[in-house]
Amino acid sequence: MDQLPLTELISLVVLLVLSGFFSGSETALMTLNRYRLRHRADSGHRGAKLARALLDRPDRLIGLILLGNNFVNILASSLATVIALKLGGEGAIAIAAGLLTLVILIFAEVTPKTLAALHPEVLAYPAAYVYTPLLKVMQPVVWSVNIVTNNLLRLLGVQPDAQQGSALSREELRTVVNEAGAMIPERSRDMLLGILDLENAVVEDIMVPRNEVEGIDLQDPTDEIVAAVKRANYTRLPLFDGGIDNVIGIFHTRHTIGLLDGGEDVRERLRAIARKPYYVPEGTRLYQQLIAFQRAKERVALVVDEYGDFQGLVTLADLLEEIVGEFTTDPADAYPEIHRADDGSLLIDCSINVRELNRAMRWSLPKHGPKTLNGLIIDYLETIPHPGTSLKLYGHPLEIIQTDEKAVKTVKHLGPLPAVAAVTAGVH
């Protein structure tokens, strides 16, 4: 047995370190978050800029890394054979090959790749400083290898020059926002999700239905008209002439100050201050309607169906509430349709919109169908239930409390009290 070959052993260790560098840096560069990388590059980070430039041509980068990795691994294998011959003769070659395989697997593959996958930026940015000049030096060799591999890919029907878009779909972006966790406050996260929902929802989903529209009918007696304007709950009211199906305008109650107590005819005054009605189809998507409100400089729109019949009313505030939530400073007023019963349970007015109920209770009731809880219950049971009936509506236990001949009026929630609903109901 010859003397221990220290030079060869030190060289072998250096080759194993290089092999680990190539393996780990490959994983680090390929697992970098592309959006964080772009942000840091745009912010002036030198390493991020170099890494982004390398990843713009992944075929060249992979070719360079594999070229270097295979070179050092083969060289390490040859050197291990030389060491084995010096230490134990031909019989030690097989042992050296087995040991080298185990060492490479643990210290040059699994460990650096796992570390790089967990902390890609730690290795990727320094590696970019190494690969950028190395790619220029090895350009002829890398170019030759890429020519062969790209032609092989084309034979298999793959176009290596076709870059797959990295843009996120709406659902993928929703997942990113949901998984942001503590990085985005819950309130901001809800607002971002609300903006994404504008694409899926239509005006019909959030409009005030015609049976709940508050307005002024010019055919009513004068004293009733004046009283109705004074006790109005809204600043903008539709003006009817002979019924809700004949809307002649929208007026602002602020403009009626001083006009209802004079001697002139109240009806003519209301006609004079009323603006021409602004109609929108019930199937208009919310984000389109938001833009339409901006362009038309309107705040209130009358919703009509495909036959032109009046179906309801939608306001700019309704649209904004889909993004920022209810405009109220008191949490108990956020959802007046939900309130606390004496026994501690929640009573829900079934006229509440399904979208609002989902937001208030953190439920996932289907939104493509009936727009109110009443409609959802009737559609689910296919009948108008009697008071006392219990049901599990898409996993949520409810008890029918009040009905009439046409609709379900009130239900009681029998399950555990959600945190958001507890605040809504005034529970602190």
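This is a predicted model: local features need pLDDT of at least 70, side-chain atom pairs count only at pLDDT 80 or more; totals for chains, interfaces and linings use all residues.
Val300 stands opposite Thr315 in strand 7.

Strands of a sheet pair through backbone hydrogen bonds, either parallel or antiparallel.

Strand 7 pairs with strand 6 and also with strand 1; the table gives the details of both pairings.

How much of strand 7 is buried? Five of its six residues are, so strand 7 is largely enclosed by the rest of the structure. The cut-off for buried is under 20% relative accessible area.

The hairpin of strand 6 and strand 7 has five residues between the strands. Within this hairpin, Gly308 takes a positive phi near 85 degrees.

**Strands 8, 9 and 12**

Strand 9 pairs with strand 8 and with strand 12. Leu347 takes part on both sides. It stands opposite His339, and Leu347 also stands opposite Lys412 in strand 12.

The hairpin of strand 8 and strand 9 has five residues between the strands. Here Gly344 has a positive phi, near 95 degrees.

| Strand pair | Sense | Bridges |
|---|---|---|
| Strand 6 (residues 300-304) and strand 7 (residues 310-315) | antiparallel | five bridges |
| Strand 1 and strand 7 | antiparallel | two bridges |
| Strand 8 (residues 338-340) and strand 9 (residues 346-349) | antiparallel | three bridges |
| Strand 9 and strand 12 (residues 408-413) | antiparallel | four bridges |

**A nonpolar surface patch**

Which residues make the nonpolar surface patch of about 480 Å²? They are Leu102, Leu105, Ile106, Phe107 and Val110. Leu102 lies in helix 5, which covers residues 93-118. Its relative accessibility is 47%, so Leu102 counts as partly exposed. Exposed would require over 50%.

**Confidence**

The protein averages a pLDDT of 85. Of the residues, 91% score at least 70. Over residues 420-428 the pLDDT is below 50. Beyond near neighbours in sequence, that stretch has 19 contacts in the model.

Notes:
Residues are numbered from 1 along each chain as its sequence is written. Side-chain values use heavy atoms; hydrogens and water are left out. pLDDT is the predictor's confidence in each residue, from 0 to 100. Contact means heavy atoms within 4.5 Å. Patches are made of residues with over 30% relative accessible area and no salt bridge: like charges are joined within 9 Å, nonpolar side chains (Val, Leu, Ile, Met, Phe, Trp, Tyr) within 5 Å. Accessible areas come from the Shrake-Rupley method with a 1.4 Å probe; for residues, only the protein chains shown count as cover. A salt bridge is a side-chain nitrogen of Lys or Arg within 4 Å of a carboxyl oxygen of Asp or Glu. Buried means under 20% relative accessible area, exposed over 50%, partly exposed in between (1.4 Å probe, protein chains only). Two strands pair if DSSP finds at least two bridges between them.
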